[in-house]
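Biologist: I would like to learn how to read a protein model. Could you take me through some features, step by step?

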Amino acid sequence: MLTNLFDGLAYGMLLFVMACGLSVTLGLMNLINLAHGAFAMAGGYVTAVLVNRLGVPFFAALPLAFVASALIGLVLERTLYVHVYRKSHLEQVLFSIGLVFMAMSGVSYLVGSEQQFIKLPAFLANRYEVLGVSIGAYRLLIIGVCGVLALVLQLAVARTRFGAQLRAAVDDPVVARGLGIHVDLVFAATFAVGSGLAGLGGALGAEILGLDPTFPVKYMVYFLIVVAVGGSAGMTGPLVAAVLLGVADVAGKYYAPQFGAFIIYALMIVILLWRPQGLFAKAGGR
Amino acid sequence: MSRAENIALAAASLRKVSAVRAAEIAFWLAALAAFALLPDQALLLSEVTITGLFALSLDLVLGYGGIVSLGHAAFFGAGAYAAGLLTKMGVTDPLLGLALSAAATALLGFVTSFLVLRGSDLTRIMVTLAVAVLLKEIANRIPGITGGADGLQGVAPGPVLGIWEFDIFGQVGFGYSLAVTFVLFLIARRFVVSPFGWSIRAVKENQLRTSAIGIPVSRRLIVVYTLAAAYAGTAGALLAQTTQFVSLDVLEFHRSANLMLMLVIGGTGYLYGGLIGALLFKLVQDAIANITPEYWEFWIGLLLVILVLIGRDRIEAIPRALLRRLRGATP
């Protein structure tokens, strides 16, 4: 029971790290980006190639996965996404589905369409028994890394100058621009960091989530749930939503395997009907 | 001007825009010619026709109702499974099976239409997506009924109207699909040029103003969503009957995504877009698949990205301009 809770927590933290970038671009910048999972997949594949083919240590590959995905995100934002911010939601959907298709075929062309397994350091396979709870070292690592990241993100958005600029740019881009904030640069940097985090999440989660070219489509709904349910008022909402989703999914698959992912989707529809702006949206927010 | 005169004027202008044009007759004559002259392509053309009907149903939702749906395959799949199961349960008459499947999906559309009434584009995208995934999950989890991942096999519908047996070359299947699509197209055409249809377009343009002039917005959306669901279900049922097989593939996300692409290629909001788009998509897909059978999706994706970046209106202007030239004078 507690073991499931622990696994669910690790899973939820992973989802949070992967989806938090989306909660900014989608929730705050109002860009429907269905290709967010492609950045997570990119991070996963970068790690897989680095570790398995080039022999780079796993822990050295993680930051590289972040950097690689962030760079891809930055380049795509500056060259392509910047043109679709102002387009209709339908066009954003079409555009990002196009990117997903390209990413999926591109990856199977470059690396192959079979599932990738990243060689992990041996000690991550350890399991510890704490008070009757079986804790995997790998999941402990995930919770640790993601927990620290969540804290840093929360502080960055709430306390730093950049965080204030981001909030201002999102609340009212025109006025923010008038105050001398480089709104475009703030958005580009945010997009890059969000993509990088997705990539890091993809790298960390490849073992648990499974890494193959269908990754962006398979987890697209999960990311969207995190954002839609978590709302866009800061980082806490998405974090809580991601952890709830992770725990519910693991528990659902364990206790009621015949229903599979059914419960998650049904729950999402109910929540969206009940509170279309998300569970944790601030009153009067957009 | 008196009220009666105003109404007469409005009716006259509606009649004018809804008049059948020469290009439309040419379009359907071409389809008939394809049936008569290309018997060895019947299987392919039957698939294109069914997909075209499916895209037409998305056009009703998206092009007329303004609802961005990423889960339209839900209705297609539901119709396919309904038709397959009905046939296996002994309802072997294709038209009866078609009508019952359409009714079942209309019911599904009616129920789920309440989910898309509220909320932003994002909420609608997610809800439609979730409904499709949910149905796929159900179909996957009850293999005793749906055949699960193996698909529903042994669907053997009887002869159409008791006369024409389905043949392996797809000739009867194509004729049957084409006839059904034509009839449904006529109904849809009558529907969208009616004052009722125009009021749905008004809802798409501006919900607030539309409700201000006394049009019940929610009810209009429910009607168009239900109708579109029935159309998509009919398309799915046609696929099940003509291919005599249903697999989980009918509910896949790719189907919904590709459908949207077809409709956008063909152009939204004039009903022919879906039919033309389905044909163009198939031609493009085949052309690319001949060059790179494994990675054709990459090029389709690239096409989408370019399409959006250049701007749909600019691309849509090209066939419109051609049509106008065909018609002669600009209306």
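Modeller: What follows is a short tour of helices, contacts and loops. One caution comes before it: this is a predicted model.

Biologist: What does Val226(A) touch, leaving out residues up to four places away in sequence?

Modeller: Its partners include Leu15(A), Phe16(A), Ala19(A) and Ser23(A). Val226(A) also touches Pro238(A), Ala241(A), Ala242(A) and Leu245(A).

Biologist: Is α4(A) mostly covered or mostly uncovered?

Modeller: Mostly covered: 16 of its 22 residues are buried. After the helix comes Gly112(A), with a positive phi near 115°.

Biologist: How many residues does each chain bring to the contact between chains A and B?

Modeller: Chain A brings 35 residues and chain B brings 33 residues. On the side of chain A that touches chain B, α4, α9 (215-230) and α11 (262-274) each supply at least two residues. Helix α4(A) gives the most to that side, with 15 residues. By class, the side of chain A has 26 nonpolar, 7 polar and 2 charged residues.

Biologist: Next, pairs of helices. How are α3(B) and α11(B) arranged?

Modeller: Read the angle between the axes. Helix α3 of chain B, residues 42-64, packs with α11(B) at about 170°. Their axes are 9 Å apart. An angle over 145 degrees counts as roughly antiparallel, so α3(B) and α11(B) are roughly antiparallel to each other.

Biologist: Which residues of α3(B) and α11(B) meet?

Modeller: From α3(B), they include Ile50(B), Leu53(B), Phe54(B) and Tyr64(B). From α11(B), they include Val224(B), Tyr225(B), Leu238(B) and Thr242(B). The contact divides into 16 nonpolar, 4 polar and no charged residues.

Biologist: What about α12(B) and α13(B)?

Modeller: Helix α12(B) covers residues 253-266, and α13(B) covers residues 272-291. They pack at about 110°, with axes 7 Å apart. These two helices are therefore roughly perpendicular to each other. The residues in the contact include Leu261(B) and Met262(B) of α12(B), and Tyr272(B) and Phe281(B) of α13(B). The classes here are 9 nonpolar, 4 polar and no charged.

Biologist: And how do α5(A) and α6(A) pack?

Modeller: Helix α5(A) is residues 137-159, and α6(A) is residues 161-171. The angle is about 70° and the axes are 5 Å apart. That makes α5(A) roughly perpendicular to α6(A). Ala156(A), Val157(A), Ala158(A) and Arg159(A) of α5(A) make the contact with Phe162(A), Gly163(A) and Leu166(A) of α6(A). By class there are 5 nonpolar, 1 polar and 1 charged residues.

Biologist: Where is Leu271(B), and is it buried or exposed?

Modeller: Leu271(B) sits in the loop between α12 and α13 of chain B. Its phi is also positive, near 70°. It counts as buried, because 23 C-beta neighbours lie inside 10 Å.

Biologist: Last topic. How far apart in space are Ser247(B) and Asn140(B)?

Modeller: Check the sequence gap, then the distance. These two are 107 residues apart in sequence and 9.7 Å apart in space, C-alpha to C-alpha. Ser247(B) is in the loop between α11 (217-243) and α12 of chain B. It counts as buried, with 21 C-beta neighbours inside 10 Å.

Biologist: What separates the C-alpha atoms of Leu272(A) and Ala228(A)?

Modeller: The separation is 7.6 Å, for residues 44 apart along the chain. Leu272(A) belongs to helix α11 of chain A. It is buried, with 24 other C-beta atoms within 10 Å.

Definitions and conventions: Residues numbered from 1 in each chain as written. Chains lettered and ligands numbered in written order. Predicted model: local features only at pLDDT ≥ 70, side-chain atom pairs only at ≥ 80, totals over all residues. Contact = placed C-beta atoms within 7 Å. Axes fitted to C-alpha atoms, helices over the stretch in contact; angles between N-to-C directions. Helix = DSSP H or I, 4+ residues; strand = E, 2+ residues; numbered from the N terminus. Parallel < 35°, antiparallel > 145°, perpendicular 65-115°, else oblique. Nonpolar A, V, L, I, M, F, W, Y, C, P; charged D, E, K, R; others polar. Buried ≥ 20, exposed ≤ 12 C-beta atoms within 10 Å, placed from the backbone.
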